[in-house]
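Please look through the model below with its ligand in view.

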Amino acid sequence: MKLGIEAISLYTPNKYLSLEKLAQARGVDPKKFITGIGQEKMAVPAPDEDVVTMGANAAYQAIQQVDDSSIDTVIFATESGIDQSKAASIYVHSLLGLSSSCRSFEVKQACCSSTAALYMAMSMVALKPEKRVLIIASDVARYGLETAGEPTQGGGAIAMVVSATPTIVSFDTEFGSYTEDVMDFWRPNYRDEAVVDGKYSIKIYLKALEESWKNYLKESNASFGEFDYFCYHLPFTRMAEKAHFHLGRIAESDLSREELAVQMEDSLHYNRIIGNCYTASLYIGLLSLLDTADKDLSGKRIGMFSYGSGAMASFFSATVCEGYKKALQPEQNQKMLAAREEISVEEYQKIYAHQLPVDGSEYKTAQHETGRYRLAGISDHKRIYEAVKATVPAEELVHA
Ligand code: CAA
């Protein structure tokens, strides 16, 4: 039985900040952000957006492509959740009008929980092959203003329908994982911003890659040369370059740096102009590769590396389905990215400073361009979501 992705959709906020302008405002050489870190723009979620609205916007598009009555589980992966108890997936389940017999829950392990959700979803579908599982990975990456992490912020969501009739990629059952108790990046409950030991987090990421790869080889008997492309967790695009050259070295690949770069450069385009989306980043990288590669990738094998600080990581593999292009909407994704509104550093800082009330008082959020769903406000400690007029008509979302 093949298990994999039958539909995949991206949503990212309509506002972005140019990292060149951020560098100028911070008195930093723009080349540091653009070349050294590898980021050009970062998405800035509006005050009436959060992981639920972004996730619902992505999921709405994904479920247009399948029979949604067969979705029996919704799994929400996030590390910028909006409630300690209630799962974000229940809000999305309601906004999308899914069946009440469909299970709905949230999972956590930093950026890696989307991959845990993927393997959980495949196990569920293996038990009931006629069913589908909707995975939503949605995050807002937020660090302190004027910190080293500031240029690696971003936000967005990916929704994937996992089934036994994949049309985009199928996944192999073998994976190699690695867990170590470290404090490289975390977010205590009382903080809105992550705490990060940046340089250490890069070291741990590379160590976790090496250990996951070794464990993957024990499971699979595969070799580096069997892979055509690689997708990495993308906190920023230079991280993937560092990772891939590192893996090439430890796997003793005889490919040149240029040949290695070709294996992952198409996976970086979207992240470079969206920024980190934590749980969604690896899968935005996968979508970027599939949407932007000018070759037909049918049958190609992709090595995938998922990293979650704290830390847990997995190396696993995917094979691109024949005719996968028919199940994608690259023009729509590129149209959404091109239509975004650039905001100034002042506007970004104003949005950054915006806080929702924490005392249960009534609050209505100002309306911004948020796609189909928005956070209307707060009432009696409850988040109130609403559907708004669609900016993209449904018929344009469904690929013929
Ligand atoms: N021109 C060109 N390049 C320049 C430059 C210039 N003028 N100035 C500096 N650079 C280069 C540096 O040489 C460096 O490149 P190398 O790594 O190849 O040496 C790069 O720009 C970055 O410079 P610094 O290392 O000095 O940058 P920094 O210390 O200010 O911050 C960072 C970089 C640590 C990544 C920081 O942005 C950060 O903490 N980010 C958040 C944490 C993070 O993303 N960690 C990644 C692993 S953890 C993870 O993956 C989970 C997750 O999602 C968070």
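**Rings, charges and the ligand**

The charged end of Arg-257 is placed over the ring of Phe-245, 3.9 Å from its centre, and Lys-86 lies over the face of Tyr-91 at 4.5 Å from the ring centre; a charge sits over a ring here if NZ of Lys or CZ of Arg is within 6 Å of the ring centre and within 35 degrees of the ring normal. The model is predicted, with local features needing pLDDT of at least 70 and side-chain atom pairs counting only at pLDDT 80 or more, while totals for chains, interfaces and linings use all residues. Residues are numbered from 1 along each chain as its sequence is written, and side-chain values use heavy atoms, with hydrogens and water left out.

Across the whole structure, a search finds 21 aromatic pairs (rings of Phe, Tyr and Trp, the last by its six-membered ring, whose centres lie within 6.5 Å). One aromatic cluster is formed by residues including Tyr-205, Trp-213, Tyr-216 and Phe-315.

Around the ligand there are 25 residues (each with a heavy atom within 4 Å of it), and the closest are Lys-32, Ala-148, Lys-199, Ser-201 and Lys-242. Helix 2 (30-37), helix 6 (198-220) and helix 7 (237-250) each supply at least two residues of this shell, helices being DSSP runs of H or I with at least four residues, numbered from the N terminus. Among the polar contacts (pairs of N or O atoms within 3.5 Å), an N or O atom in the side chain of Lys-199 is 2.7 Å from an oxygen atom of the ligand, and one in the side chain of Asn-276 is 3.0 Å from an oxygen atom of the ligand.

Conventions:
Rings of Phe, Tyr and Trp (its six-membered ring) pair if their centres lie within 6.5 Å; planes under 30 degrees apart count as stacked, over 60 as edge-to-face and the rest as tilted. A polar contact is a pair of N or O atoms within 3.5 Å; within protein, one must be able to donate a hydrogen and the other to accept it, and residues adjacent in sequence count only if both atoms are side-chain atoms.
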